[in-house]
Amino acid sequence: MTIRSAPETPIAHASSTGPLTAGDADRSAERLLSHLRTKIHPFTALPRPLLDGDVKAMIRVCMRWASERGTAAATADPAAFLQVAAARWARADLPIEKVLHAMHVGFGEALEVVVARSGEPSCDRLIAWTSAAVELSDLCTGAISRAYVRELKATSGDHHTAVHTLTSALLAGQASSKVARECGIPIADEYYVLAVHVAAHPDENRPGLDRHVVAGRKLRRVQSALTRQFQDRALAMLSVDGGTILLPSDVCGEPELDRAVEVVADYAAVPITAVMTRCATDAVPAAARRTHELLDTTESIGIGPGFHKFDDLALQYQLTRPGIGRRILETRIAPLDDHPELLRTLHIFFHTDMNRRRTARQLNIHPNTIDYRLRRIGQLTGFDPSRSQGLWYLRSALIARGGTASTAPSPFPDRAGQSRRSA
């Protein structure tokens with residue numbers, strides 16, 4: 001904050017005869033501290049223990065550094081002091097931007113006092129003082145920033161471990177008040193359970209790029225977006241291609257959750273499919289299993305990315321479960337395997353919400369041909385497409401088969417307003 005050749009000021013007792021003594025540094029630090037605590041914001045707002053402790057000690061070590069600057073006997077090390085003090089400030093939740101602002105205000109005030117009390121200092125001396133202040137500011141800013149980053153990483157690591165532990169316990173049905181206390185995270189009465197699929201980013205398959213690095217960055221974007229949306233309330237176990245998210249039901253409503261999935265997908269720059277159900281805490285394991293089964297079903301039958309509620313897809317879920325009903329439906333529609341043009345027509349017919357003309361346009365054929373093919377489908381399967389019951393069975397059969405026609409779209413229209421997001 002001053003240099004060895006500066007005249008005596010409230011900041012330092014520096015002379016041309018040598019560096020400050022410990023007593024000089026203490027007295028000068030006390031004078032500057034008194035000036036800052038009574039007249040200069042943001043120091044006037046700081047608690048007295050912090051001023052008399054870390055702030056005074058920081059002023060003292062900075063003065064010693066400035067007075068010893070350029071000498072072989074230099075011993076003051078502001079960076080070493082700040083490594084410890086700044087970590088303490090970070091743990092006390094003092095915002096780094098306020099810490100740095102206070103430090104820069106202090107430097108500016110110290111330099112101003114030095115100049116004001118020096119009469120008309122020479123240009124060389126002003127340059128020397130300013131150079132010392134800038135160098136010290138750079139040194140202290142770097143030390144504070146590194147300490148905050150290390151503390152943040154340590155805290156994030158501890159929180160990540162706690163989240164992983166509690167999420168694992170909830171998914172295993174072993175969550176307890178003891179686990180919650182050890183993790184420092186309360187257990188909610190109800191959760192939204194989301195089974196999530198995260199699509200690959202195009203860069204993951206781009207030559208010359210490390211796909212693991214690209215995928216890792218995508219995952220970090222997803223995690224960052226979740227934090228932005230829900231702070232620390234989302235309990236997530238995610239890999240680069242998806243996983244499970246548990247969210248306390250009091251955090252948001254279903255419309256907000258729908259929007260949140262869109263935001264996360266946009267932030268991650270990839271399509272995301274999320275299937276959600278809501279359940280009590282003790283039902284989380286079973287709910288997670290069902291939502292992941294339904295997530296697999298949505299992909300197999302061609303439902304696009306987005307937010308899907310379990311209740312809205314309950315029929316699709318049930319029809320794709322193993323059992324006699326599924327076997328009967330698969331058997332009845334099996335004759336269409338020998339007539340791929342009929343199977344594709346049926347898929348597109350349902351995808352266009354049973355609109356003959358739109359189906360004909362997509363297939364580039366006459367609408368009358370659609371009528372003929374539908375009658376033929378009825379003859380082969382025994383399900384008459386001209387009757388509502390026949391249509392219901394045909395659609396159910398396509399769902400039960402899991403949309404095995406590789407070139408066919410979903411057997412029912414996409415949800416309104418939903419489309420596949422491109423990266």
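## Getting started

Two residues are in contact here when they have heavy atoms within 4.5 Å of each other. With that in mind, isoleucine 377 is in contact with Leu336, Leu342, Leu346, Gly382, Pro385 and Leu394, leaving aside its neighbours within four places in sequence.

This is a predicted model, in which local features need pLDDT of at least 70 and side-chain atom pairs count only at pLDDT 80 or more, while totals for chains, interfaces and linings use all residues. Residues are numbered from 1 along each chain as its sequence is written, and side-chain values use heavy atoms, with hydrogens and water left out.

## The protein as a whole

The protein has 15 helices and 5 strands; these are DSSP runs numbered from the N terminus, with helices being H or I of at least four residues and strands E of at least two. Of its 423 residues, 46% are buried. Here buried means under 20% relative accessible area, exposed means over 50%, and partly exposed is in between (1.4 Å probe, protein chains only).

The accessible surface comes to about 21,600 Å², and carbon and sulfur atoms hold 52% of that. Such areas come from the Shrake-Rupley method with a 1.4 Å probe, and for residues only the protein chains shown count as cover. Among contacts with a separation of 6 or more, 67% are between residues 24 or more positions apart.

Which residues touch the most other members of the largest nonpolar core? They are Leu336, Leu346 and Ile377, out of 31 residues in that core. At least two residues of this core come from each of α9 (284-300), α10 (314-319), α11 (324-333), α12 (340-351), α13 (356-363), α14 (367-381) and α15. A second, separate core has 30 residues, including Leu36, Met58, Val61 and Phe107. A nonpolar core is a set of buried Ala, Val, Leu, Ile, Met, Phe, Trp, Tyr and Cys residues joined through side-chain atoms within 4.5 Å.

Rings of Phe, Tyr and Trp (its six-membered ring) pair if their centres lie within 6.5 Å; planes under 30 degrees apart count as stacked, over 60 as edge-to-face and the rest as tilted. Phenylalanine 349 and phenylalanine 350 make a tilted pair, 5.9 Å centre to centre with 55° between the planes, and both of these residues are buried. The rings of tryptophan 392 and tyrosine 393 are edge-to-face, because their planes stand at 90°, with centres 5.3 Å apart.

Tryptophan 392 lies in helix α15 (residues 388-401) and is partly exposed at 45% relative accessibility. Tyrosine 393 is also partly exposed, at 30%.

## Salt bridges

Side chains of opposite charge can pair when their charged atoms come close. A salt bridge is a side-chain nitrogen of Lys or Arg within 4 Å of a carboxyl oxygen of Asp or Glu, and by this rule there are 8 salt bridges. One of them joins arginine 88 to aspartate 54, with the closest N and O atoms 2.6 Å apart. That pair links distant parts of the chain, since arginine 88 is in helix α3 (residues 78-91) and aspartate 54 in helix α2 (residues 48-68), 34 residues apart. Arginine 88 is partly exposed at 36%, whereas aspartate 54 is buried at 12%.

Lysine 218 and glutamate 204 form another salt bridge, at 2.9 Å between the closest N and O atoms, and both residues are buried. Aspartate 250 and arginine 233 meet in a salt bridge too (3.2 Å, N to O). Aspartate 250 lies in the loop between β3 (242-248) and α8 and arginine 233 in the loop between α7 and β2 (235-239), so this pair ties together parts 17 residues apart in sequence.

Most residues other than glycine have a negative phi. Alanine 269, in the loop between α8 and β4 (272-280), has a positive phi of about 65°. Methionine 354, found in the loop between α12 and α13, has a positive phi of about 60°.
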